[in-house]
Each structure stands twice: as C-alpha cells, then as structure tokens.
Amino acid sequence: MKKKLKIGVVGVSFGMEFVAIYKKHPDVESVVIADIDERLLKIAQEKFGFCEEECFTDIQPMLDDPEVDAIHIV
C-alpha cells in the first residue's frame with residue numbers, strides 16, 4: 001500500500017487555491033498551513049476546517065515535524 005502524504009502549504013493568500021487541491025488529492029492524507037498573516041490563517045481555517053494545531057504563523061514547526069513529507073511555498 002502506498003503511503004499517503006502530509007503536505008505543508010506556506011503562504012495562504014494565493015496558496016489557498018493549492019490547499020483545496022491537496023485536500024482533495026487521493027495521495028494526500030493531511031495538510032498543514034502557515035502564513036504570517038493571522039487573518040488569512042483564520043479564513044483558511046474556517047474555509048477548510050483546519051484545527052489550531054494545523055495552522056502556524058511560522059514555518060519552523062513544519063520543518064521540525066518529521067511527518068511532513070513536503071512543503072509547498074507559495
């Protein structure tokens with residue numbers, strides 16, 4: 001069985017379009033997001049149902065998470 005991926009998206013202003021794509025992709029298990037703009041994070045969180053633990057104002061938690069397979073910087 002193929003391992004499903006955990007993807008990080010950094011920059012949700014334009015990146016929100018990619019969040020939607022990754023959320024629907026059959027090979028993606030989960031998505032986490034980061035942006036320095038907390039207002040944009042809140043919008044993405046409400047639009048896509050992210051919990052607080054999946055939203056960051058700093059990329060470092062994604063880099064430190066061994067379960068994140070790829071980070072898409074937008």
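Two strands are said to pair if DSSP finds at least two bridges between them, while helices (H or I, at least four residues) and strands (E, at least two) are themselves DSSP runs, numbered from the N terminus. In this sense valine 9 has isoleucine 33, in E2, as its bridge partner. The model is a predicted one, in which local features need pLDDT of at least 70 and side-chain atom pairs count only at pLDDT 80 or more, although totals for chains, interfaces and linings use all residues. Residues are numbered from 1 along each chain as its sequence is written, and side-chain values use heavy atoms, with hydrogens and water left out.

The secondary structure of the protein chain comes to three helices and four strands, which follow the pattern β-α-β-α-β-α-β along the sequence. The strands form an open sheet in the order E3-E2-E1-E4, with parallel pairing. Its edge strands, each pairing on one side only, are E3 and E4 (70-73).

Strand E1 (residues 5-10) pairs with E2 in the parallel sense over six bridges, and the chain passes from E1 to E2 through helix H1 (residues 12-24) in a right-handed β-α-β crossover. A crossover is called right-handed if, with the strands pointing away from the viewer, the path from the first strand over the helix to the second runs clockwise. Lysine 6 has serine 30 as its bridge partner in E2.

Strand E2 (residues 28-34) has five of its seven residues buried, so it is largely enclosed by the rest of the structure; buried means under 20% relative accessible area, exposed over 50%, and partly exposed in between, with a 1.4 Å probe and protein chains only. Over the protein chain, buried residues make up 38% of the 74 residues.

The nonpolar cores (sets of buried Ala, Val, Leu, Ile, Met, Phe, Trp, Tyr and Cys residues joined through side-chain atoms within 4.5 Å) show how the elements come together. In the largest, which has 15 residues, those touching the most other members are Val9, Val19, Tyr22, Val31, Ile33, Phe48 and Phe50, and the elements giving two or more residues to this core are E1, H1, E2 and H2. A second, separate core of six residues includes Val10, Val32, Ala34 and Phe56.

Contact, taken as heavy atoms within 4.5 Å, places isoleucine 33 against residues that include Val9, Val19, Leu41, Phe50, Phe56 and Met62, with its neighbours within four places in sequence left aside. Methionine 62 lies in helix H3 (residues 60-64) and is buried, with a relative accessible area of 2%. Leaving aside its neighbours within four places in sequence, methionine 62 is in contact with Gly8, Val9, Val10, Val32, Ile33, Ala34, Phe56, Val68 and Ile71.

Among contacts in the protein chain between residues at least 6 apart in sequence, 54% join residues at least 24 apart. The C-alpha trace spans about 40 × 25 × 20 Å along its principal axes. The protein chain has a radius of gyration of 11 Å, which agrees with the value near 11 Å for a compact globule with 74 residues; this radius is taken over C-alpha atoms, and the globule rule is 2.2 Å times the number of residues to the power 0.38.
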